[in-house]
Amino acid sequence: MSSTATPLAPSTPVMTPSPGITSPEAVATRHTALALLLATGTVCAMDTMVLSGLLTPIKADLHLSDAAFGSVSSASTLAGILGAPLFAVLAARFSRRSVLVGSIVLWSLASAGSALSTGLATLVLWRTLTSFGMAAYQGIVPGWLADLYNRKERNFVFALFMLRNKLGSALAFGVGGWIAAHSNWHQAFLLTGLPGLVLGVLLLFVPEPAPGQSDGHVGRSELVLNWRQQVSVFRIAPYTTHLIALSLFFSGTITAQMWLPAFLHRVHGLDNLHATGFAFTALMATLPAGPIGGWLTGRYLAGRTGAIAVSLALSALLAAFFFLIAFTAPSLRVCELFALLAITSFGATAGSLTTLLVETVPPSLRTISGSFGAMVAGGVSGFFAPWLLGLISDHAGLARAILIGPAFYAVSSIFWIWLAIHSKKNSQGN
């Protein structure tokens with residue numbers, strides 16, 4: 001693997017300086033695009049996590065085991081793995097905007113269609129279609145935002161981008177749990193699935209930036225990379241190292257955060273409404289951590305890959321420590337306090353996860369780096385981690401199984417520390 005983002009093959013178009021994009025009209029246009037993309041991402045995260053908020057009533061109604069729920073997540077993730085590179089190819093052939101809008105329609109209808117589930121097979125079908133459509137958002141939007149905002153602005157923007165995960169998850173737990181308690185889980189799927197259609201229509205009117213635009217360069221001709229040039233991204237050592245760490249980090253998030261309401265229900269005796277209510281409150285209360293951390297990172301660490309990697313390693317270690325205390329404390333209050341601290345710690349550096357995903361590769365590879373990031377990181381975290389947790393839970397109980405969440409966080413920090421050391425050696429060598 002090469003250690004840096006090496007130039008592409010000679011077929012890459014010559015890059016020339018682009019005109020400034022600082023006029024009031026251009027600034028307003030990109031801020032509008034950011035707002036719509038973040039709103040869409042919030043709905044995407046809500047539609048992803050709503051299953052977690054409905055886990056307890058669905059489990060009781062359809063008589064499913066924890067391993068069965070793990071299989072739903074695994075099958076859904078497999079669909080996302082297949083969808084990510086496919087949507088990347090379509091985006092290169094057509095346009096990012098048209099592919100994104102089409103995927104929004106698909107996942108919104110599929111998420112709402114989950115209300116029609118009558119057993120494990122139909123639940124897997126609808127959630128698989130949902131995740132397949134969502135793969136386009138995960139792969140396309142990071143590169144789109146990187147082309148709208150320059151390096152100093154980018155980490156703050158990506159902090160807002162990652163904030164949509166917290167906000168969407170909070171809405172999934174709060175809104176989904178409330179609807180399920182006052183009506184049923186079928187209505188919860190239906191009412192949380194449809195808002196994405198409105199945002200999809202609005203995105204049709206948002207102009208799409210050119211690759212490299214925010215860095216002051218645009219291609220003289222349309223940049224279309226062949227498959228060999230696209231997979232060359234895996235020869236970039238900082239990117240692949242970050243991808244491994246990202247996979248482990250998301251595995252920790254899925255197992256620790258996704259199963260938190262079920263843990264509170266089974267171990268501490270909270271009913272589903274109050275368990276999902278705590279998850280909603282914790283996610284909403286810690287929302288400011290993301291923008292504040294993103295602003296500080298953009299101001300003091302922008303462009304310093306090693307420093308950003310160190311901050312991610314520290315954040316992951318803190319999350320591991322706090323979640324370990326939360327999941328082993330006999331007191332409900334202590335559990336809730338340290339779960340809150342854990343969510344705050346990894347949320348403070350969430351924007352850096354995407355920053356390194358796009359800044360360790362050339363601008364022309366940003367869309368495919370995001371797509372492969374969604375494919376690999378999402379594949380490991382969504383396919384393997386839920387299956388492992390469900391398997392352990394059915395045999396040893398959820399109280400023990402959920403401890404794999406802190407373990408995933410701790411191991412991810414090792415790879416970010418290695419990335420920081422590797423980056424420092426490279427900078428000294430240059």
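Biologist: Great. What should I know before reading any values?
Modeller: This is a predicted model, where local features need pLDDT of at least 70, side-chain atom pairs count only at pLDDT 80 or more, and totals for chains, interfaces and linings use all residues. Residues are numbered from 1 along each chain as its sequence is written, and side-chain values use heavy atoms, with hydrogens and water left out.

Biologist: How many salt bridges does the structure hold?
Modeller: There are 7, each being a side-chain nitrogen of Lys or Arg within 4 Å of a carboxyl oxygen of Asp or Glu.

Biologist: Which residue does Asp-66 pair with at 2.5 Å?
Modeller: That partner is Arg-266. The pair links distant parts of the chain, 200 residues apart, with Asp-66 in helix α3 and Arg-266 in helix α11 (residues 260–268). Helices here are DSSP runs (H or I, at least four residues), numbered from the N terminus. Asp-66 also meets Lys-59 in a salt bridge, at 3.6 Å from N to O.

Biologist: Is Asp-66 buried or exposed?
Modeller: Buried, because its relative accessible area is 2%. The cut-offs are under 20% for buried, over 50% for exposed and partly exposed in between, using a 1.4 Å probe and protein chains only. Lys-59 is partly exposed at 26%, and Arg-266 is partly exposed at 34%.

Biologist: New topic: which residues form the nonpolar patch on the surface?
Modeller: Leu-78, Leu-82, Phe-383, Phe-384, Trp-387 and Leu-391, with about 580 Å² of accessible area together. The elements giving two or more residues are α3 (66–93) and α17 (366–396), and α17 gives the most, with 4. Patch residues have over 30% relative accessible area and no salt bridge; like charges are joined within 9 Å, and nonpolar side chains (Val, Leu, Ile, Met, Phe, Trp, Tyr) within 5 Å. Areas come from the Shrake-Rupley method with a 1.4 Å probe, and for residues only the protein chains shown count as cover.

Biologist: And what does Ser-108 touch?
Modeller: Ser-108 touches Gly-193, Gly-196 and Leu-197, not counting residues up to four places away in sequence; contact means heavy atoms within 4.5 Å. Ser-108 is found in helix α4 (residues 96–113), and its relative accessible area of 0% makes it buried.

Biologist: Last one: where is His-182 found?
Modeller: In helix α6 (residues 151–182). His-182 is exposed, with a relative accessible area of 53%.
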